[in-house]
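Subject: Handover of a structure

Dear colleague,

I am passing on to you the structure that follows, and below it you will find notes on what turned up in it. Please read them with the structure open beside you.

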Amino acid sequence: MKRLMLGNEAVARGAYESGVKVSTAYPGTPSTEITEFIAKYEEIYAQWSPNEKVALEVAIGSSISGARSICAMKHVGLNVAADPLFTVSYTGVNGGLVIIVADDPGMHSSQNEQDSRYYARSAHIPMLEPSDSQEAKDFVKEAFNISEKYDTPVLIRLTTRLSHSQSLVKTSQPDEVALKEYNKDATKYVMMPGMAIKRHVVVENRMNQITEDASKFVLNDASYDDLEVGFITSGIPYQYVKEVFPNASVLKLGMVNPLPKSLIQDFCSKVKKVYIIEELEPIFEEQIKSWGIEVIGKDLLTVQGEYSANLLKEKIKNEDLNLAAAETLPGRPPVLCAGCPHRSIYYRLNKLGKHATGDIGCYTLGAIEPLKGLDTCIDMGASIPMLHGIEKARGREYTKDWVAIIGDSTFVHSGITGLIDIVYNKGCSTVMILDNSTTGMTGHQDNPATGVTLKGEKTKQLDLPLLCKSVGINRVRVVDPFKYKDLENAITEETSIEEPSVIIAKAPCQLLDKHSVPKQNYIDVEKCKDCGMCLKLGCPAIKKSHGIMVIDDTLCVGCNLCIGVCKFQAIKKAGVQ
Amino acid sequence: MNTKNILIVGVGGQGTLLTSRILGNLAVDLGYDVKLSEVHGMSQRGGSVVTHVRYGTKVYSPLVEVGEADIILSFEKMEALRWKHFLSAEGKMLVNTQESDPMPVITGSASYPTDIMEKLYADCKEVIEIDGVSIAKELGNIRVVNTILLGLLAQSMDIPKDQWIEAIKLTVPEKTIDINIQAFEKGYYHGINLNREV
């Protein structure tokens with residue numbers, strides 16, 4: 001029977017059918033659901049790791065010990081895991097090792113749109129790219145076969161559109177896969193120069209062999225029809241090609257690294273005009289052109305964002321689609337939810353005139369109107385060392401107007417090393433950990449600080465205050481962000497002193513509480529002076545309607561933050577006169 | 001069969017995803033090839049969201065293109081206008097008239113347009129509007145707005161009513177089945193004079 005599955009769910013099914021024993025990840029849109037779906041299979045041990053580097057290293061250990069292992073992350077997560085990635089290419093595997101990386105063309109939920117195929121090329125690792133959910137499942141199984149046959153880790157590239165699209169999948173029974181025997185072998189698993197030099201030769205031979213075999217892989221499929229115009233493509237863009245050019249010849253690359261050179265040469269010799277359709281970077285195009293083959297690619301098509309069927313119609317068919325233009329309307333950017341504990345932080349920082357280095361998570365939304373509470377956002381963990389850099393460049397007096405903002409999960413991911421750096425190098429920065437007891441933006445995953453595992457079991461809870469103290473921070477204080485006087489005092493005091501400090505603003509994500517029926521606040525129109533102070537909170541539940549300030553009772557959760565902001569006591573709890 | 005293109009749009013958190021999944025699974029039951037494209041992650045936090053549903057004999061792209069939607073179901077009034085250009089010349093616009101102010105409107109840097117319905121009626125061949133929030137309040141449960149909208153969508157689709165009701169039973173919590181079926185009927189018979197109460 002076939003059923004609809006998200007691309008990410010299909011990957012999870014593929015892992016199950018491949019007999020995977022160990023699955024690891026750090027959550028990151030658009031890859032998160034892969035590991036959430038895997039965790040539902042009792043047969044597979046699945047875990048969140050503190051970050052992607054740790055996740056990959058756990059999977060490498062499991063693979064070397066003889067078990068099929070899978071590790072998933074988003075594109076920027078692979079930057080974090082790049083260190084083990086480049087060297088596991090040298091060691092190869094024992095049990096199959098498959099690394100899933102989900103790129104985000106169009107940046108639906110990311111800070112850049114890097115193309116992970118470059119990693120496959122530079123680390124000399126085979127990479128597959130499916131074009132629908134069925135292939136997502138099938139390619140995982142094929143990846144494990146390739147991994148074990150050629151003694152190599154295998155990357156699978158997804159994109160947001162594949163991860164978060166549903167299409168039909170036919171499932172099958174899981175394969176019985178026994179653990180492989182482990183044999184101690186320093187020449188393979190201890191990568192010191194003497195051994196690694198020899199392994200580099202193995203890597204080169206392996207990739208040459210795969211390149212030769214790739215032209216025969218069923219993953220790479222050449223179908224010939226109209227020989228005037230043809231396409232070389234992979235992944236989701238293949239679907240756009242088929243949509244627009246049903247009769248064209250198409251070479252669909254299921255393996256995007258290494259490229260099947262002889263198959264491509266053969267295709268291009270038979271088809272007169274060949275277009276390369278690849279989202280993001282011209283990776284196929286540059287390689288194919290370097291072989292002296294004339295193809296058309298990025299001269300016509302952008303390196304930015306997602307492609308579409310209409311884009312191909314316009315750029316390749318030169319069709320004038322005469323499309324209606326989009327209306328010019330007020331934008332609707334994502335916002336901090338009504339009742340979000342982060343809102344209070346930014347409101348108070350604004351009031352105190354503080355700048356903030358920021359980080360990656362829901363709280364990044366505090367950067368936009370009207371809170372505008374962040375100065376920077378670069379990567380996971382960057383807020384803390386960046387503030388230290390500002391202090392070292394401009395002095396402590398200057399940074400008395402600054403704090404670093406980071407979430408609980410991001411702090412564990414890669415904030416702690418920045419904090420150690422501050423202590424070690426005699427910095428005085430104030431770090432605010434916004435502890436909302438979850439990994440929020442990716443949809444509420446547990447992490448070491450929540451004390452619950454991916455499988456929902458209780459575990460030792462990471463004690464954030466104790467952790468900060470143990471690295472040498474003497475001044476650690478925990479505040480409730482909804483108690484605004486405590487919060488203000490904490491920020492004022494900690495930023496004025498000559499030693500490093502940590503303020504942990506602790507209040508759970510409002511969305512975690514799904515059961516309570518909150519009492520909504522209301523605005524007493526008699527008392528309201530229309531000063532607009534409450535609008536500065538950027539709460540989606542407070543708005544002006546027909547000239548008067550109102551609270552939307554379908555959105556308000558009764559966090560009461562607005563009550564403390566109103567100078568005229570015009571905002572009241574439901575039922576209170 | 002030619003591929004059917006449906007766009008379900010709204011504001012993150014309104015339940016557009018669930019509605020599209022119910023529709024997608026019904027199309028599977030009818031034996032069609034189906035693709036759904038969803039929005040997860042950051043945009044879900046109160047941002048503008050869209051789900052694409054395509055079904056037919058063979059579906060390649062998971063995306064409905066500009067000018068190709070047979071139906072747009074909008075959970076919010078301004079979002080209908082934002083996605084209007086996706087509608088085909090023959091397409092049908094279904095609009096929940098609920099207004100949700102985006103942050104630029106809340107902060108006063110932009111105004112909520114006042115001519116949305118005029119523009120929709122001027123540019124779309126067929127528009128059906130519904131005040132889902134008022135109907136839900138009448139039913140005594142504000143959370144059933146999306147089931148009312150599901151009913152409205154069902155009215156415009158050639159999928160038997162019984163199958164929609166079965167899908168609702170499988171999707172909603174057991175103790176809310178009755179009120180959700182009532183809500184579905186309100187949407188399904190919206191604008192249709194049956195000379196009886198539904």
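Predicted model: local features only at pLDDT ≥ 70, side-chain atom pairs only at ≥ 80, totals over all residues.

Residues are numbered from 1 along each chain as its sequence is written, chains are lettered from A and ligands numbered from 1 in the order in which they are written, and side-chain values use heavy atoms, with hydrogens and water left out.

As for the interface, 54 residues of chain A are in contact (heavy atoms within 4.5 Å) with 51 residues of chain B. The two chains bury about 4,400 Å² between them, 58% of it on carbon and sulfur atoms; buried area is the accessible area, for a 1.4 Å probe, that two parts lose on being put together, summed over both. In chain A, the residues that lose the most area to chain B are A:Glu327, A:Pro330 and A:Arg332, together 18% of what that side buries.

The rule also finds six salt bridges across this interface, a salt bridge being a side-chain nitrogen of Lys or Arg within 4 Å of a carboxyl oxygen of Asp or Glu. A:Glu243 forms one with B:Arg54, the closest N and O atoms being 3.1 Å apart. A:Arg332 meets B:Glu76 in a salt bridge as well, at 3.2 Å from N to O, and this pair runs from the loop between α14 and α15 (341-351) of chain A to the loop between β4 (69-74) and α2 (77-83) of chain B.

Strands also meet here: β8(A) pairs with β2 (residues 33-37) of chain B in the antiparallel sense over three bridges, and A:Ser167 has B:Lys35 as its bridge partner in β2(B). Two strands pair if DSSP finds at least two bridges between them.

Chain B itself has eight helices and six strands, these being DSSP runs numbered from the N terminus (helices H or I, at least four residues; strands E, at least two).

With best wishes
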